[in-house]
Amino acid sequence: MAVGTTERGALTHPDVHRLDDVNRDVLKMLTVPGKGWWMLFGMCVAGVGLFLTAWFWQIYKGIGVSGLMSPVGWGVYITTFVFWVGIAHSGTLISAILFLFRAPWRQSIYRAAEAMTVFAVMTAGLFPLIHVGRVWHAYWLIPYPNSRFLWPNFKSPLVWDVFAVTTYFTVSAVFFYLGTIPDVAAARDRATGLRRKLYSVISLGWQGTDRQWHHFGKAYIFLAALATPLVLSVHSVVSWDFAMSIVPGWHATIFAPYFVAGAIFSGVAMVITLVVPLRKIFGLEAYLTTKHFDAMAKLCLFTSLIVFYAYLSEFFLAWYSGEDPERHAFWNRLFGTYWWATWTMLVCNGFVPVMLWFKRVRHSIPALFVISIFINIGMWFERYVIVVTSLHNEYEPFAWGVYRPSIVEMSIMVGSFFWFGFWFLLFTRLLPPIAIQELKEVLPPPMRKKKSSEAAEAH
Amino acid sequence: MSAQGILASYEYLDSTVDAIENLKKAGFDDIKAYAPYPEHHIEHALGYGQSPVRVWTLVGALTGTSTAFAFTSWTSVEWPLVVGGKPIISIPAFIPIVFEMSVLFGALATVIGLFVLSKLPNVKPAVVYDPEFTAGRYGVYVEADGSRLEEARKIMNAEEPIELREGAADA
């Protein structure tokens, strides 16, 4: 990963010379929908229909239509919740952490990654509500003064999670919105009619004056600095939902860093999955080069090593602890009822990413796309393994059981991908999906006097 | 309040910076610059220091910290329940909530600070404004009238602007 200062012209685009070339290429995406986009959008609308139908059916019939039954009270819904929260993380990594580190390859992808964060947290946030069954009581999660003088138990990791996820959603949405303001202003200045009115409202009358840029730059840095520890805390808190209990297979101190690495791993893979078609549909080859894909692939490889190391150390510690329930939990993972889920996870997250060691693979966009899909599948199964295999065999053999996801659960899980896609596709058409102003920052500025760059530098 | 002024659009960054510096030398103080991206040479020429946004961030974050700590403790004391053998006010168990609220309040205060300081939302946009400022041009606006206006025009013209326009812009 090339980490350095945001040097002028650090990222040269062979087809982009002038500042307004960026406007031309990015704003073009907002005007031409194209057949590919409409086909994908149609699919997503149908999928959202499936999602809502399944959910309404569960609300109508009750939580019994899911496969959740003692001893497995957490199943596909919690698995998918953790999956989507994890997906969100790399968006903040790319937009905030790599911003603070001044990684010069982030500019082209960060807007799409950040949108992914917002929509993934939005999707994730639905799952606890789906999971609790009686969704009309969801407001009980929020501490509010009620007639019974009852407050949530602030010592519970589940309440921490409510605070972590809602804070994460709010902060990432605000961060995302703030970053789009100057770009929406750019869209406003080129648009006509209804769109112009809409963009005028969204951009809040931004004009790019010195005073606006001055405070904007500082505010952006502080938001990035706040989002950085936030993103690390959110998946740590999610991991404590498990690690704070005494269930064998969950009760481990390694969980927080292990979950955070897994989150970034799955999230970067999801960015690749989303950006490859985006690049194709909108013809953004000049902005999303092999350099970007190479950097993302390296990030995937690095986090895959951490995740695989965590798997191995979990198995080792289970053996080393000498605890029978702990040893059984991990033996059961590899060779028990759900052996197929564990081996899918190991192959997709541990073995497939090994291919990323080769430069030829990292530079082949079709190969990266396929590998990223494997990682997405593997990371979903990782959460499934953690949630389900740990619960179905706890301490007492008479209380063991087998969980089978019902068709309603699977429909909601599959539907959530379309729900996410629905918002993401709308985003690519309504807001500039590539950060216009940040790309301009890394283009060489136009100079009248050829040698004046040193003179300007001297000021 | 709007006064008479003059707006120059420039194609080049160095022309813009030179125009600002020459205007400053000639004693013009009320200069407004436009740019398609944050340009620190322009900020430098205008003599900006530290942005007070950071005070908003700090105050917001500390408000979040104290609010969350007070709230978790107060609700625990109001109806004391021993959970998991922990003390009623278990500070380590409240840290995640305290942390999240610090970040939330800090982030929201930063955005409010930004809006207040940069006067957003700007419901009354400037009358003289070039839509090219969000594309690829730089702009310099100076408020002046009479002979001062002519003097500013001369300085701005020396840097070969694409366009010069007179009119009023909101300060």
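Predicted model: local features only at pLDDT ≥ 70, side-chain atom pairs only at ≥ 80, totals over all residues.
## Handedness of a crossing

A crossing is left-handed if the near helix is turned anticlockwise from the far one by less than a right angle, and right-handed if clockwise.

Two packed helices are described by the angle between their axes and the distance between the axes.

In chain A, helix α11 covers residues 339-351 and helix α13 covers residues 365-392. Their axes come within 8 Å and cross at roughly 140 degrees. Roughly antiparallel needs an angle over 145 degrees, so α11(A) and α13(A) count as oblique to each other. Their crossing is left-handed.

On the α11(A) side, the contact is made by Ala341(A), Thr342(A), Thr344(A), Met345(A), Cys348(A) and Asn349(A). The α13(A) side includes Phe374(A), Ile377(A), Gly378(A), Phe381(A), Glu382(A) and Val385(A). By class, the residues of this contact are 10 nonpolar, four polar and one charged.

## Helices α5 and α7

Helix α5 (residues 157-190) and helix α7 (residues 210-243), both of chain A, pack with their axes 9 Å apart at an angle of about 150 degrees. The cut-off of 145 degrees is passed, which makes α5(A) roughly antiparallel to α7(A). The crossing of α5(A) and α7(A) is left-handed.

Among the contact residues of α5(A) are Pro157(A), Trp160(A), Asp161(A), Tyr168(A) and Phe175(A). Those of α7(A) include Tyr220(A), Leu223(A), Leu230(A), Trp240(A) and Asp241(A). The contact of α5(A) with α7(A) has 19 nonpolar residues, three polar and two charged.

Conventions. Residues numbered from 1 in each chain as written. Chains lettered and ligands numbered in written order. Axes fitted to C-alpha atoms, helices over the stretch in contact; angles between N-to-C directions. Helix = DSSP H or I, 4+ residues; strand = E, 2+ residues; numbered from the N terminus. Parallel < 35°, antiparallel > 145°, perpendicular 65-115°, else oblique. Contact = placed C-beta atoms within 7 Å. Nonpolar A, V, L, I, M, F, W, Y, C, P; charged D, E, K, R; others polar.
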